[in-house]
Amino acid sequence: MDVRLKRACEPAAKADGCRVLVDRLWPRGVSKDTAQIDWWARDLAPSTELRKWFGHDDERWSEFQRRYRAELKDSPQREVLQELRERAAKGRLTLVFGARNEAHNNAVVLKALLE
């Protein structure tokens, strides 16, 4: 599988393949035309409670990963994750996210699950 990560503020490119936004909220300052999102997979995003608890605090990263993976085991997220796997199997997939922290965000967890 060819899964890539890209911040929403970075310009879209043909080489991105299928672009999937994996955040519950639309990224600030990014227009829908500019983002060129093929699929907005809101249901794959962490719950509001988990997102607020994490707050992109690096010290909470390990626990965030554990809790987020547990959330992804529940329906309907499990079904949406399966659809993401199917799309990734068909060709390049770019997971688009709005977080500033490129190393510690939900897209990183999703990429690891897919690979």
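Predicted model: local features only at pLDDT ≥ 70, side-chain atom pairs only at ≥ 80, totals over all residues.
Residues are numbered from 1 along each chain as its sequence is written; local features need pLDDT of at least 70, side-chain atom pairs count only at pLDDT 80 or more, and totals for chains, interfaces and linings use all residues. Side-chain values use heavy atoms, with hydrogens and water left out.

A nonpolar core is a set of buried Ala, Val, Leu, Ile, Met, Phe, Trp, Tyr and Cys residues joined through side-chain atoms within 4.5 Å, where buried means under 20% relative accessible area, exposed over 50% and partly exposed in between (1.4 Å probe, protein chains only). The largest such core comprises 25 residues, and Val-20, Leu-44, Leu-84, Leu-93, Leu-95 and Leu-110 have the most contacts inside it. Among the elements giving two or more residues to this core are helix 4 (77-90) and helix 5 (106-114); helices (H or I, at least four residues) and strands (E, at least two) are DSSP runs, numbered from the N terminus. Apart from this core lies another, of 5 residues, including Leu-21 and Val-96.

Leaving aside neighbours within four places in sequence, Leu-44 is in contact (heavy atoms within 4.5 Å) with Tyr-68, Leu-72, Gln-77, Val-80, Leu-81, Leu-84 and Leu-110. Contact between helix 4 and helix 5 is made by Leu-81, Leu-84 and Arg-85 of the former and Leu-110, Leu-113 and Leu-114 of the latter.

Gly-29 is located in the loop between strand 2 and helix 1 (32-35). This glycine is exposed, its relative accessible area being 87%. Gly-29 and Arg-4 are separated by 25 residues in sequence and by 22 Å in space, C-alpha to C-alpha.
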